[in-house]
Amino acid sequence: MTTITSTGMANDHMSADRRTLAGRIDALPSSAGLWRFITLLALGGFFELYDLFETGYISSGLVAAGVFHTGSAGVFGIADQAAFASATFLGLFVGASLLAPYADRFGRRLTFMCALAWYGAFSLLMAFQQSAEMIILFRFLVGIGLGVELVTIDTYLSEWVPAHLRSRAFAFSFFIQFLSVPTVALMSWWLVPQTILSLEGWRWVVIAGAVCSLVIWLIRKNLPESARWLAQQGRHQEAHQVLSAMEKRCGIASPLPPVVGEGRDGGQFAPEQPKQGRFSEIWAPAYRQRTLMLVVMNFFQAIGFFGFGNWLPALLSGKGATVTHSLLYAFFITLAYPLGSLICSRYADKLENKWQIVFSSLMTVVFGTLFAFMTNPVLMIICGFLITYSNAWLTFSYHAYQTEIFPTHIRARAVGFCYSFSRLSTVFSSILIGLILQYAGSQGVIAFIVLSMLIVMLSVGIYGPKTRGMDLENI
């Protein structure tokens, strides 16, 4: 644990120039106060991922209840499970691409809280719908809130965490968030086969997530705004106030006077006029290659991540497991999401994020190929566990990475646009995977996932810039 000197600075970062806002943030020590803040931020993400992963787990209950239908009997002439997943990710695409930019305009905190309230309210309403059409519609509305929330969490976190802790903070944050995956798997295994108080079990799985997310909304009302965003808006006194409060939270006893601006040499200067980001800026020569690289990476990583995660029970059933056993096997496999993030947090800052994305994708390729040929339940669980571990590693790496490579005034807009392609790809891949599973079986789905992860490796490995240990302002 980093110690704090009498001047309030972390021993291992005495060189940080605390005359600048970035320097003051970099001087925040790895204290209990900072990790409590990260945990509080991550709790919102817990219920976002809970809701995302319930897609695959409650579908069997919806089919058993006669609400969802398989094959051409579905609402749109395809399996309702595929339409349900596609509606989720279409909503995520709309939220991330069209609404996430409001975080650059109105601030991280306000956007964050509005998105969480939106998600919780519509998720609760979805739990009481009776028809497949209405469930799919409300699922689309839920997805809009999720799309805004996930982008805002990433920008919020990257702007508050010191550069030397950024990757580790994302890994720990996703440890908290990924605890939701075995939670929803276990709750589905327990509740989906039951009827309680005249309500089918799948409804209770949805209600639990919605109610708890609204409780977290109340707990997190006191989160501070991003100091970097406030400074970029010209609100330097407010930036100083929230940063001083964070320094006290982290155990620094003597916050510095307000920082009104910062130059390339680290000195102070008069504040500039607030700068409003435009969509065209993400295509400027300085950022064009980064934007294209992230669009390709997001499009294909989502196929690997959600293709395996959302269709895991179906993939296991396709290999001979019963519905009950496939849900139980899925629970053990999904334990790798939080455990993988926790283990990775020990070395997350030791390696460039771009190479962590490449190596985690390679791990998915190797163990995904092995999973396709496994029939023994124990070996299936082991391979599935390792694929899930690699997906957890990939997730926190690219979430950290894509927030690092754009400036503050367009960060949410750029990340939202690039991230939205992961949602757009999943709209179509959810339907495509359903067709592949129907005609080519589990092995065909795994081959599709492996090819997608190879494309991720090439795009990031060749075109991704280095970011390790650098201030956001200097990347």
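This is a predicted model: local features need pLDDT of at least 70, side-chain atom pairs count only at pLDDT 80 or more; totals for chains, interfaces and linings use all residues.
# Briefing: helix packing, aromatic pairs and selected residues

Residues are numbered from 1 along each chain as its sequence is written, and side-chain values use heavy atoms, with hydrogens and water left out. Helices (H or I, at least four residues) and strands (E, at least two) are DSSP runs, numbered from the N terminus.

**Helices H5 and H6**

- Two packed helices are described by the angle between their axes and the distance between the axes.
- The axes of H5 (residues 108-126) and H6 (residues 132-160) come within 8 Å and cross at roughly 155 degrees; axes are lines fitted to C-alpha atoms, for helices over the stretch in contact, and angles run from 0 to 180 degrees between N-to-C directions.
- The crossing of H5 with H6 is left-handed, meaning that the near helix is turned anticlockwise from the far one by less than a right angle (clockwise would be right-handed).
- In the contact of H5 with H6 there are 17 nonpolar, 5 polar and 5 charged residues; Ala, Val, Leu, Ile, Met, Phe, Trp, Tyr, Cys and Pro count as nonpolar, Asp, Glu, Lys and Arg as charged, and the others, Gly among them, as polar.

**Aromatic rings**

- The structure holds 18 aromatic pairs, where rings of Phe, Tyr and Trp (its six-membered ring) pair if their centres lie within 6.5 Å, and planes under 30 degrees apart count as stacked, over 60 as edge-to-face and the rest as tilted.
- The pair of phenylalanine 299 and phenylalanine 300 is edge-to-face, because the ring centres are 5.1 Å apart and the planes are at 65 degrees.
- Phenylalanine 299 is partly exposed at 28% relative accessible area, and phenylalanine 300 is partly exposed at 22% (buried means under 20%, exposed over 50%, partly exposed in between, with a 1.4 Å probe and protein chains only).
- Tyrosine 398 and tyrosine 419 form a tilted pair, 6.4 Å centre to centre with 45 degrees between the planes.
- Tyrosine 398 lies in helix H17 (residues 377-404) and tyrosine 419 in helix H18 (residues 411-463), so this pair ties together parts that are 21 residues apart in sequence.
- Tyrosine 398 is buried, at 3% relative accessibility, and tyrosine 419 is buried, at 3%.
- One aromatic cluster is formed by Phe37, Phe112, Tyr156 and Trp160.
- The charged end of lysine 354 sits over the ring of tryptophan 355, 4.7 Å from its centre (NZ of Lys or CZ of Arg must be within 6 Å of the ring centre and within 35 degrees of the ring normal).

**The loop between S1 and S2**

- Leucine 197 lies in the loop between strand S1 (195-196) and strand S2 (199-200), and serine 198 is found in that loop.
- Leucine 197 is not a glycine, although its phi is positive, at about 55 degrees.
- Serine 198 has a positive phi near 65 degrees.
- Leucine 197 is exposed at 69% relative accessibility, and serine 198 is exposed at 72%.

- Serine 360, in helix H16 (residues 353-372), is buried at 0% relative accessibility.
- Serine 360 and serine 397 are 8.9 Å apart, C-alpha to C-alpha, and 37 residues apart in sequence.
- Arginine 24, in helix H1 (residues 21-26), is buried at 1% relative accessibility.
- Arginine 24 and serine 244 are 9.3 Å apart, C-alpha to C-alpha, and 220 residues apart in sequence.
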